[in-house]
Amino acid sequence: MSDPRKVIKQFAKSKILSAAGCCTLLIAASCSSRHLAVADLLFHVNPEGNAITEVTPGMIDHVAIYIGKQQVLEAVGKGVMITPLDSLRQQSGYYLIGRTKAQAKRSVANARNYLGRNYDYLYLPDNDDIYCSELVQFSYVDRNGQQLFSPIPMSFHDSTGVVTDYWKAFYAERGLQVPEGKPGTNPGELSQRPTVKIIGKLSSIVGSKKFEPNK
């Protein structure tokens, strides 16, 4: 199982390398403008799995915010940044489109306030760094200005309820206890909230530009 820091770095590296590729685009510009709305959430499904998906639902290891003009705002290894939509490329897997009940303009404005913030590799609730789903949780508000996503107890355990050896070692190496049960969030659980409707998926398989609506 790879270190989540390496997972994030590999994710960022793949974005840079894919700029020279041909047609591994997540979605064509014409298709994205037709199907994506500002403040839609893009959930990355990783069928191969990793240390994150082992302890969270849906095989989802990342979430990004669509902010319009073919751009997303996301928390990745380099921190909170704006990324071109067509750089969200992976050699495998796909993105689910989640439409929320958020007040879109205000939620995106809130997320922009975190630009430049460092990525939180430790997934802790009491520091200034921030991870991908935490960015969403902190930023999204409903039409009344109330927080759309409440925090949940953090999960570092597998389906049997036992904290995995990977996460025990990860935090032990840093002289920390596993923050199991601390308030937080994860992208897989966010995708299952009642305030999120999965409207389809964007294939990121090489050569595919097809939007696939939910049936």
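This is a predicted model: local features need pLDDT of at least 70, side-chain atom pairs count only at pLDDT 80 or more; totals for chains, interfaces and linings use all residues.
Visitor: Which residues of β1 lie on each side?

Guide: Leu41, Phe43 and Val45 are on one side. Leu42 and His44 are on the other. Both faces are covered.

Visitor: Which way does β2 run against β1, parallel or antiparallel?

Guide: Antiparallel. Five bridges join β1 to β2, which spans residues 60-68. Look at His44 for an example: its bridge partner in β2 is His62.

Visitor: And how many bridges pair β1 with β5?

Guide: Five, again in the antiparallel sense. Strand β5 covers residues 94-100. There, Tyr94 stands opposite Val45.

Visitor: Where does Asn46 lie?

Guide: In the loop between β1 and β2.

Visitor: Is Asn46 buried or exposed?

Guide: Its relative accessible area is 13%, and buried means under 20%. Asn46 is therefore buried.

Visitor: What does Asn46 touch?

Guide: Leave aside its neighbours within four places in sequence. Asn46 is then in contact with Met59 and Asp61. With Asp61 there is also a polar contact between side chains, at 3.0 Å.

Visitor: On to helices. Which residues of α3 are buried?

Guide: Helix α3 runs over residues 104-112, and its buried residues are Ser107, Val108 and Ala111. Around the axis they cover an arc of only 95 degrees, which puts them on the same side of α3.

Visitor: What covers the buried residues of α3?

Guide: The cover includes β2, β3 (71-76) and α4 (132-139).

Visitor: Which residue caps the N-terminal end of α3?

Guide: Gln103 does. One of its side-chain oxygens lies 3.4 Å from the backbone nitrogen of Lys105.

Visitor: Now α5. Which of its residues are buried?

Guide: Helix α5 spans residues 165-172, with Tyr166, Trp167, Phe170 and Tyr171 buried. Look down its axis: the buried residues fall within an arc of 115 degrees, so they line one face of the helix.

Visitor: What does the face turned away from the buried side of α5 carry?

Guide: It carries the exposed residues Asp165 and Ala172.

Visitor: Which residues do ring pairs link into a cluster?

Guide: The cluster holds Tyr119, Tyr121, Tyr123, Tyr131, Phe156, Tyr166, Trp167, Phe170 and Tyr171.

Visitor: Last topic: charges. How many salt bridges are there?

Guide: The count comes to three. One of them joins Asp40 and Arg99, with the closest N and O atoms 2.7 Å apart. This pair links distant parts of the chain. Asp40 sits in the loop between α2 (29-35) and β1, Arg99 sits in β5, and they are 59 residues apart. Asp40 is buried at 2% relative accessible area, whereas Arg99 is partly exposed at 31%.

Visitor: Which residue meets Glu173 in a salt bridge?

Guide: Arg174, at 3.6 Å from N to O. Glu173 is exposed, with a relative accessible area of 63%. Arg174 is partly exposed at 29%.

Visitor: And which residue meets Arg193 in a salt bridge?

Guide: Glu189, at 2.7 Å from N to O. Arg193 is buried at 10% relative accessibility. Glu189 is buried too, at 18%.

Terms used: Residues are numbered from 1 along each chain as its sequence is written. Side-chain values use heavy atoms; hydrogens and water are left out. Buried means under 20% relative accessible area, exposed over 50%, partly exposed in between (1.4 Å probe, protein chains only). Helices (H or I, at least four residues) and strands (E, at least two) are DSSP runs, numbered from the N terminus. The arc is that of the directions from the helix axis to the C-beta atoms. Two strands pair if DSSP finds at least two bridges between them. A polar contact is a pair of N or O atoms within 3.5 Å; within protein, one must be able to donate a hydrogen and the other to accept it, and residues adjacent in sequence count only if both atoms are side-chain atoms. Contact means heavy atoms within 4.5 Å. A salt bridge is a side-chain nitrogen of Lys or Arg within 4 Å of a carboxyl oxygen of Asp or Glu. Rings of Phe, Tyr and Trp (its six-membered ring) pair if their centres lie within 6.5 Å; planes under 30 degrees apart count as stacked, over 60 as edge-to-face and the rest as tilted.
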